[in-house]
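Here is a short briefing on one protein chain. Take a look at the model first, then work through the points below.

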Amino acid sequence: MSTSVASDLDTSRVSRGDGAGKIAIFASKLIVTGGCFWYVSRQIDFKRVWSAVPLLDFRWVAFAVLVVVLQIPLLGVR
């Protein structure tokens, strides 16, 4: 009864044709996301958004960005 390291590890092979399927799925997700952003952006009045930018308190913006940045490693630790 002989065993080899290769039989113990039993690695699975990745097929070369699978890459095209992954690219197609990624492209379809990207198109759907772009369509959603296009649909939402049609209902936004960008002139009013740009006129409100000078009224922002950038300390709160910086705090919100910091919270979002810290959220990723904290969820990873969890």
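A charge sits over a ring if NZ of Lys or CZ of Arg is within 6 Å of the ring centre and within 35 degrees of the ring normal. Arg42 meets that description: Arg42 lies over the face of Trp38, at 4.9 Å from the ring centre. Keep in mind that this is a predicted model. The chain has 78 residues, with four helices and zero strands.

**Overall layout**

- Along the sequence, the pattern reads α-α-α-α.
- What share of the residues counts as buried? The figure is 0% of the 78 residues.
- The chain has an accessible surface of about 8000 Å². Carbon and sulfur atoms account for 69% of that surface.

**Confidence**

- The mean pLDDT of the chain is 85. A value of 70 or more is reached by 78% of the residues.
- Where is confidence lowest, and where is it highest? It is lowest in helix H1 (residues 5–9), with a mean of 55. It is highest in H2, at 94.

- Seven names to find in the model: Trp38, Tyr39, Val40, Ile44, Phe46, Val49 and Trp50 make a nonpolar surface patch of about 770 Å².
- Helix H2 (18–41) and helix H3 (46–52) are the elements that give two or more residues to this patch.
- Ile44 sits in the loop between H2 and H3.
- Why does Ile44 count as partly exposed? Ile44 has a relative accessibility of 37%, and partly exposed covers the range between under 20% (buried) and over 50% (exposed).
- Trp38 belongs to the patch, and Arg42 lies over the face of its ring.

- The structure holds one aromatic pair. Its partners are Trp60 and Phe63.
- The pair is edge-to-face.
- Is Trp60 buried or exposed? Trp60 counts as exposed, because its relative accessibility is 60%.
- Phe63 is partly exposed, because its relative accessible area is 47%.

**A salt bridge**

- The structure holds one salt bridge.
- Which residue does Arg59 bridge to? The partner is Asp57, and the closest N and O atoms are 3.3 Å apart.
- Arg59 is exposed, because its relative accessible area is 65%.
- Asp57 has a relative accessibility of 32%, so Asp57 counts as partly exposed.

Note on methods. Residues are numbered from 1 along each chain as its sequence is written. This is a predicted model: local features need pLDDT of at least 70, side-chain atom pairs count only at pLDDT 80 or more; totals for chains, interfaces and linings use all residues. Side-chain values use heavy atoms; hydrogens and water are left out. Patches are made of residues with over 30% relative accessible area and no salt bridge: like charges are joined within 9 Å, nonpolar side chains (Val, Leu, Ile, Met, Phe, Trp, Tyr) within 5 Å. Accessible areas come from the Shrake-Rupley method with a 1.4 Å probe; for residues, only the protein chains shown count as cover. A salt bridge is a side-chain nitrogen of Lys or Arg within 4 Å of a carboxyl oxygen of Asp or Glu. Buried means under 20% relative accessible area, exposed over 50%, partly exposed in between (1.4 Å probe, protein chains only). Rings of Phe, Tyr and Trp (its six-membered ring) pair if their centres lie within 6.5 Å; planes under 30 degrees apart count as stacked, over 60 as edge-to-face and the rest as tilted. pLDDT is the predictor's confidence in each residue, from 0 to 100.
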